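Thanks for coming. I have one structure to go through today, and I will keep it short. Please have a look at it first.

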Amino acid sequence: MKLVPLGDRVVLKQLVAEETTKSGIVLPGQNKEKPQQAEVVAVGPGGVVDGKEVKMEVKVGDQVIYSKYAGTEVKLDDEEYIVVKQNDILAVIE
């Protein structure tokens with residue numbers, strides 16, 4: 001099964017939240033707040049949404065920063081994804 005977003009929606013896969021100390025010890029991300037950084041795994045077609053023409057600005061493979069409380073979390077095949085509207089994406093990391 002795969003997720004195919006509709007309209008101006010984008011499917012994101014959250015990046016792993018691990019932190020390394022100065023001495024090289026890796027701290028697992030479970031106790032920290034989830035970062036708002038993710039990779040784009042699917043992009044909707046855009047088109048006319050709510051009477052306005054929407055051009056999709058992101059593409060599959062982009063790493064992005066999205067709004068903190070945006071989207072809907074979805075679990076599919078033991079993977080967790082977040083489905084957000086394109087305007088909830090704040091920036092593309094280059």
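Let me start with a question: which residues does Val64 touch, not counting residues up to four places away in sequence? The model is a predicted one, and in it the list reads Leu12, Gln36, Gln37, Ala38, Val40, Val58, Ile89, Ala91, Val92 and Ile93.

Take Leu12 from that list. Leu12 and Val64 are 52 residues apart in sequence, yet their C-alpha atoms are 8.7 Å apart in space. Val64 itself sits in strand E7, which covers residues 63–66. Its relative accessible area is 0%, so Val64 counts as buried.

Now the chain as a whole. The chain has 94 residues, and 27% of them count as buried. As for contacts between residues at least 6 apart in sequence, 64% join residues at least 24 apart.

Next, the surface. The protein chain exposes about 6,700 Å², and carbon and sulfur atoms supply 51% of that area. One nonpolar surface patch is made by Ile65, Leu90 and Ile93, and it comes to about 250 Å².

Leu90 belongs to strand E10, residues 89–93.

Note on methods: Residues are numbered from 1 along each chain as its sequence is written. This is a predicted model: local features need pLDDT of at least 70, side-chain atom pairs count only at pLDDT 80 or more; totals for chains, interfaces and linings use all residues. Side-chain values use heavy atoms; hydrogens and water are left out. Helices (H or I, at least four residues) and strands (E, at least two) are DSSP runs, numbered from the N terminus. Buried means under 20% relative accessible area, exposed over 50%, partly exposed in between (1.4 Å probe, protein chains only). Contact means heavy atoms within 4.5 Å. Patches are made of residues with over 30% relative accessible area and no salt bridge: like charges are joined within 9 Å, nonpolar side chains (Val, Leu, Ile, Met, Phe, Trp, Tyr) within 5 Å. Accessible areas come from the Shrake-Rupley method with a 1.4 Å probe; for residues, only the protein chains shown count as cover. A salt bridge is a side-chain nitrogen of Lys or Arg within 4 Å of a carboxyl oxygen of Asp or Glu.
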